[in-house]
Amino acid sequence: MVEIWNWARTYSCRPRLYFEPKSVESLQEILKIINENQWKFRIIGCGHSPSSLALSDEVLISMKYFDQIIEINLEDKFVHCQSGVLIKSLNEILPSKNLSLPVQGSVSSLTIGGVISTGTHGSGIQFATLSSYVRSICLMKLNGNIVQYDRNDRDNEDLFRCLTCSLGTFGILLSISIDLTDLFYLELTQHQLKFDDFLNHLSVHISSSDHFRYMWFPHTQSGIAYHLQRRSPTIPLRKENLFQRIYSSIRHRIIGYHLLEIFFYISLYFPRFVRWINRFYLNFQGQNHHQISRCDHLFNFDCLFRQYANEWAIPIEETVSCLVKLEEFIERNYFVHFPIEIRFGRSETSSFLSPSFQRETCWINTVAYRPFGFEHRQHRKYFEEFERICFEHSGRPHWAKEHSLTYSELSRLYPQWNLFHQYRRKFDPTNLLINSCLEKIFLQHE
Ligand SMILES: Cc1cc2nc3c(=O)[nH]c(=O)nc-3n(C[C@H](O)[C@H](O)[C@H](O)COP(=O)(O)OP(=O)(O)OC[C@H]3O[C@@H](n4cnc5c(N)ncnc54)[C@H](O)[C@@H]3O)c2cc1C
């Protein structure tokens, strides 16, 4: 029996049946068997979701062979591709056409189907989640019929806003068209920034570059500010020579990765050591740095080793109050791994279940590393408290990450929750696409 793990190796499943179909016809055959037996099933992209969202112990369908780019439209600037295409593959091909995705998350080994199903986001107050750039979706419904939905289709406006961030609960996304933008470079200016300065001048930071993010190093009263400004791709790029490449790879791999993993391992037995680790790495990583590179090279960064991740989207006006509470609490009780990543995004209306729906958003992501697969013992209690603070600040959890909210709380956080569920029930009346992770989110328990 095959065992499938998520990227962080925090959840796994042993599906009774596991499929890697290569054609639409095979998918239809699989759905026929599923319907005859009323088996529950899930669809999986890369399995990068830190929760068990994409897993199933009954039937699991991988979209890895739906990996074809169907069209790159230079005039209207969009790409139409199968749902299993990796963001990484788009990053390899689009620059040669002078195009790029408008915004990206921290890694690119993700499928386009996975990112739009979970409202994956990057940072930048002018930019929304990737779900909001979707132009059209080709969906295989549970009866095997294939339907095309378009954002300009006035008859299906609400349905389209459900489909663009649907957590894989409406059917199988076969292909997706998504907006592109002209290729751009990013100019990175990075420097250490005191936590208080960050909070006191928040609006200046957010608005003074296109894609601002702040990496907070808990227990240091400081962090690193990353300002990324869009630049024309005509600027000649400076290439590192061999010596510089060897030096930066030693710095990055040996100290930035392997040594850090050893340090975090030691801290499992001596939790106070986390304070020292955070301080050391703030100085190690926080040197002033300036670089210009192709956009995807600077949007993406190394998220290091396996980790638990918990991320919330709070209304932007709650940022200072929420982070101050969080700092008070962390300093009192816990030893928290760096970085707490703080990002920003614009308000959007194109996906009913986008955590940024109808509000400008501050995203707060916290991690608990699992050095060599071992666990940070305090992390459950810390995550509970982190969630409580975000929830008190009207936070909505990131759909792909771990959280403990259930139907009753979530239904109050999303104005169009009921409408989403009316449509969801039409597409999946017997809840075949609901696994245990989704049960607590989507099924109301009396
Ligand atoms: C190291 C790391 C860094 C990350 N960085 C960020 C970040 O910067 N910003 C951010 O927002 N998120 C981030 N994430 C979360 C990540 O973007 C999401 O978990 C994303 O969904 C992963 O894509 P995937 O292809 O692995 O999807 P999976 O985890 O395989 O699936 C995610 C969801 O999509 C559904 N799905 C996938 N394909 C289809 C399909 N064809 N039809 C129907 N449903 C489908 C699945 O059923 C599931 O519900 C990160 C995760 C990791 C592990």
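Which of the 32 residues around the ligand come nearest? In this predicted model, the nearest are Gly45, Gly105, Gly113, Gly114 and Gly168.

## Ligand shell

Helix 3 gives the most, with five residues. By class, the shell has 16 nonpolar and 15 polar residues, and one charged residue.

The ligand lies between domain 1 (4-62) and domain 2 (69-182), because both domains give residues to the shell around it.

## Domains

The chain is divided into domain 1 (4-62), domain 2 (69-182) and domain 3 (189-397). Between the C-alpha centres of domain 1 and domain 3 there are 32 Å. The contact of these two domains takes four residues from domain 1 and five residues from domain 3. On the side of domain 1 that touches domain 3, two residues are nonpolar, one is polar and one is charged.

## Helix 7 and helix 8

Helix 7 (residues 242-267) and helix 8 (residues 273-285) have axes that come within 9 Å and cross at roughly 165°. An angle over 145 degrees counts as roughly antiparallel, so helix 7 is roughly antiparallel to helix 8. The crossing of the pair is left-handed.

From helix 7, the contact is made by Ile255, Leu260, Phe263, Phe264, Ile266 and Ser267. Helix 8 brings Phe273, Val274, Ile277, Tyr281 and Phe284 to the contact. By class, ten residues of this contact are nonpolar and one is polar, with no charged residues.

## Helix 10 and helix 11

The axes of helix 10 (residues 319-333) and helix 11 (residues 379-392) are 10 Å apart, and the two helices pack at an angle of about 155°. This angle makes helix 10 roughly antiparallel to helix 11. The crossing of helix 10 and helix 11 is right-handed.

On the helix 10 side of the contact are Cys322, Lys325, Leu326 and Phe329. They meet Glu385, Phe386, Ile389 and Cys390 in helix 11. The contact of helix 10 with helix 11 has six nonpolar and two charged residues, and no polar residues.

Methods:
Residues are numbered from 1 along each chain as its sequence is written. This is a predicted model: local features need pLDDT of at least 70, side-chain atom pairs count only at pLDDT 80 or more; totals for chains, interfaces and linings use all residues. Domain bounds come from an automatic or database domain assignment. Two residues are in contact if their C-beta atoms, placed from the backbone, lie within 7 Å. Ala, Val, Leu, Ile, Met, Phe, Trp, Tyr, Cys and Pro count as nonpolar, Asp, Glu, Lys and Arg as charged, and the others, Gly among them, as polar. Axes are lines fitted to C-alpha atoms, for helices over the stretch in contact, and angles run from 0 to 180 degrees between N-to-C directions. Helices (H or I, at least four residues) and strands (E, at least two) are DSSP runs, numbered from the N terminus. Angles under 35 degrees count as roughly parallel, over 145 as roughly antiparallel, 65 to 115 as roughly perpendicular and the rest as oblique. A crossing is left-handed if the near helix is turned anticlockwise from the far one by less than a right angle, and right-handed if clockwise. A residue is near a molecule or strand if its C-beta atom, placed from the backbone, lies within 6 Å of it.
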